[in-house]
Protein chains: 2
Amino acid sequence: MSNPLSKPALKPERPWFSSGPCAKPPGWDPGDLKGAFVGRSHRHPEGRARLREVIETSRRLLGLPPDHRLAIIPGSDTGAVETALWNLLGHTGVEVCAWENFGLTWLHDIVEQLRVPDVTVHRAASYGGLPDLSAVDFSRDVVFTWNGTTSGVRVPDADWIPADRDGLTICDATSAVFGMDVDFAKLDVVTWSWQKALGGEGAHGMLALSPAAVERLAVFRPDRPIPKVFRIARDGALLDEVFDGFFVNSPSMLAVEDVLTALDWVERIGGTPATVARSRANLDAVARWVRATPYVEFLAEDPRTVSPTSICLRFTHPRFTALPAPEQAAFARRVCARIEENGAGYDIGAHREAPPGLRIWGGPTVDTADVEALLPWIDWAFAQTLGEYA
Amino acid sequence: MSNPLSKPALKPERPWFSSGPCAKPPGWDPGDLKGAFVGRSHRHPEGRARLREVIETSRRLLGLPPDHRLAIIPGSDTGAVETALWNLLGHTGVEVCAWENFGLTWLHDIVEQLRVPDVTVHRAASYGGLPDLSAVDFSRDVVFTWNGTTSGVRVPDADWIPADRDGLTICDATSAVFGMDVDFAKLDVVTWSWQKALGGEGAHGMLALSPAAVERLAVFRPDRPIPKVFRIARDGALLDEVFDGFFVNSPSMLAVEDVLTALDWVERIGGTPATVARSRANLDAVARWVRATPYVEFLAEDPRTVSPTSICLRFTHPRFTALPAPEQAAFARRVCARIEENGAGYDIGAHREAPPGLRIWGGPTVDTADVEALLPWIDWAFAQTLGEYA
């Protein structure tokens, strides 16, 4: 722990720690987007080639199984998840694993909106825990997030998922893809967005489907209205062109160019192993500080589940924990505001649905030196704020 | 008509005539997006301020009625229209006016997806005509496009809509807004996107609701699943924050900055009257050429309905019209390819669902001098292609 009473001398060079949209790759410059296919039809073969390039480069860099299909979907990761839920759910019973805001969002969709009649919910005992994953029934469809972005709790691996299963595994992996090792072979539906680990733009999501998920579209036609922007099948067959860069909606070709430069950056630094290592290094920097710092802990209870991308922290100082909940929230906001006023770290407050505390994006576009430079500012801001409550 | 046998000497400076995404405003440079709020949370007050600025500047420049609410919606204009249909339809019977691809898309949504039981369809007799608008029953909800982008047929005005009506008028106005005078007071729901007349980016739509449309959300709760990205009400009340820049999904803040520069440009050249005048001038240039050219006509049958933004043309040359339909399509593609190969005009082919021919975007971001420079290239390419069929 640094001296918390004096302002740190050093500031992060790129003080961007938002969990979405996340920091741009190092060296990003909008002038690099000069060659963007703007003012043109994305249906032109050249526009379509760029959309295909996003799909094919992502597939290659991630090592997606060759028989998984991959599409770009409007509405960021949320749009991609909802495309999957609207098209696929209802054929079997559904198991939902929910342990923070996004899991609860999909639970709401499944129960309140889609009204799937047979749903088993696996909840965590607390915001910071995981449900008992050994209780999940894989003869049914399973919906879960790989990384719970708002609690910073991830599944440790995919060992709990059987290779041989009857239901589909539907995984919201948005803050995991490119930031941690994801076992795609265990996932029948995987979604992510450009705005997380790639530092790309919002409003565009990615949807990968395994052969089993594609097969489901043939045997099951849901009796519900599916908006055109989420329609991926017709008459029981996958709309192949959607998975071939045609895109059901108009994408932003500026955002397409931007994510292509981000994918180039991934390739240049050594591919997904390098991006995963960068996230890991960011978590390690925070973990060293947490061990040395008496007033802070990870929100994640089990060390194996601590997310290296959305790093969520809670304050354990007795004078903080003694405060009533709304004052804890105000305290945490004050800490963030002090850091922000000094231009030392932006958007590090916990998600509004999470317990008060901090959330520091540690994805690959963030430099570890910047994470290290941020931490003394937290010490300083926490001490200053605690002083106000003396 | 220019000499069709020799290649024109002059090329359009900006040969971008795509009907979406459309040409960027003159002088556009991605370096101007340097100040974009990227790598940051769009929920931060500063991010939210920029989203609000898009809403408030659009409202002011368009002269939207003060009691209309305005939101940014994911999924471009399609997302905005489907948000309206999914949230509002089914309370009364529905009248659908359909005369080209997009009207037919909404008709499909309403009948096949939403399965609204009581639908009256007003179709045009031909691709190029309008339905009989005097037959529309305004005691029911009415869905129509202001400008049929794929046939280039627009409603001439809003005189056919009574000021006093019981149903809602739901208008897809995406290629009309900023390109022609739209009578917003006659519209309860208006949708558009940034990628049309503003030359902005895809994946983002705008949705305006009149007080009557907001009231509908209170008295009618549709019994259908609505994806989160399209949810604009809860427990019968409008989600105010969505209409206050909160955005239900993650937008691209690069696209937000881009549309703000486009709105600045609109302001600088004199506001919506100036953008409407620019579109009008583009149509006038094409109309002069059509009058002087024996082999081409507007697809729109009634001169009062010719769109000044999506200018759709058909070839009338007897050797063209004598061809079987697939050969007509190949002929038209050949004309476009010749022009494109010379870098004289991009994306001017008719929409894939429309009759073979040309579609030239004449929205305000296109310079009239460029339209004028394109036309001799059409003469040349048409003559060359006709030669191949001799």
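In this predicted model, the C-alpha centres of domain 1 and domain 2 of chain A lie 28 Å apart. The domain assignment places residues 41–267 of chain A in domain 1 and residues 271–388 in domain 2. How many residues of each domain are in contact with the other? On the side of domain 1 of chain A there are 30 such residues, and they meet 25 residues of domain 2 of chain A.

The extent of this meeting can also be put as an area. The size of an interface is often given as the accessible area lost when the parts come together. For domain 1 and domain 2 of chain A, the buried area is about 2100 Å². Carbon and sulfur atoms give 58% of that area.

One salt bridge is counted between domain 1 and domain 2 of chain A. Asp157(A) forms a salt bridge with Arg304(A), and the closest N and O atoms of this pair are 3.9 Å apart. On the side of domain 1 of chain A that touches domain 2 of chain A, at least two residues each come from helix H1 (45–62), strand E5 (147–148), strand E6 (153–154) and helix H5 (253–269) of chain A. The largest share of that side, three residues, is supplied by H5(A). Sorted by class, the residues of this side of domain 1 of chain A comprise 12 nonpolar, 13 polar and five charged.

The interface of chain B and chain A holds 10 salt bridges. Which side chain of chain A meets Arg352(B) in a salt bridge? The partner is Glu241(A), with an N to O distance of 3.8 Å. The interface of chain B and chain A also has 33 residue pairs in polar contact, both residues being at pLDDT 80 or more.

Two histidines of chain B deserve a look of their own. His351(B) sits in the loop between helix H8 (325–341) and strand E14 (358–361) of chain B. Is His351(B) buried or exposed? His351(B) counts as buried because its relative accessibility is 17%, which is under the 20% cut-off. Apart from neighbours within four places in sequence, His351(B) is in contact with Asn101(B), Thr150(B) and Arg359(B). His68(B), in turn, is placed in the loop between H1 and strand E1 (69–74) of chain B. With a relative accessible area of 4%, His68(B) is buried. When residues up to four places away in sequence are not counted, His68(B) touches Arg59(B), Phe184(B), Leu187(B), Ala208(B), Leu209(B), Ser210(B) and Pro211(B).

The backbone has some features to point out as well. Most residues other than glycine have a negative phi, and most peptide bonds are trans. In chain A, Gly20(A) and Pro21(A) are joined by a cis peptide bond with omega of about -15°. Pro21(A) belongs to the segment before H1 of chain A. In chain B, a cis peptide bond joins Gly20(B) and Pro21(B), where omega is about -10°. Pro21(B) is located in the segment before helix H1 (45–62) of chain B.

Positive phi values are found in chain B too. Phe178(B), a residue other than glycine, has a positive phi near 75°. Phe178(B) lies in the loop between strand E7 (169–172) and strand E8 (189–193) of chain B, and Phe178(B) is buried, its relative accessible area being 2%. Ala203(B) is not a glycine either, yet its phi is positive at about 75°. The loop between E8 and strand E9 (204–209) of chain B holds Ala203(B). At 1% relative accessibility, Ala203(B) is classed as buried.

Technical notes
Residues are numbered from 1 along each chain as its sequence is written. Chains are lettered from A and ligands numbered from 1 in the order in which they are written. This is a predicted model: local features need pLDDT of at least 70, side-chain atom pairs count only at pLDDT 80 or more; totals for chains, interfaces and linings use all residues. Side-chain values use heavy atoms; hydrogens and water are left out. Domain bounds come from an automatic or database domain assignment. Contact means heavy atoms within 4.5 Å. Buried area is the accessible area (1.4 Å probe) that two parts lose on being put together, summed over both. A salt bridge is a side-chain nitrogen of Lys or Arg within 4 Å of a carboxyl oxygen of Asp or Glu. Helices (H or I, at least four residues) and strands (E, at least two) are DSSP runs, numbered from the N terminus. Ala, Val, Leu, Ile, Met, Phe, Trp, Tyr, Cys and Pro count as nonpolar, Asp, Glu, Lys and Arg as charged, and the others, Gly among them, as polar. Buried means under 20% relative accessible area, exposed over 50%, partly exposed in between (1.4 Å probe, protein chains only). A polar contact is a pair of N or O atoms within 3.5 Å; within protein, one must be able to donate a hydrogen and the other to accept it, and residues adjacent in sequence count only if both atoms are side-chain atoms.
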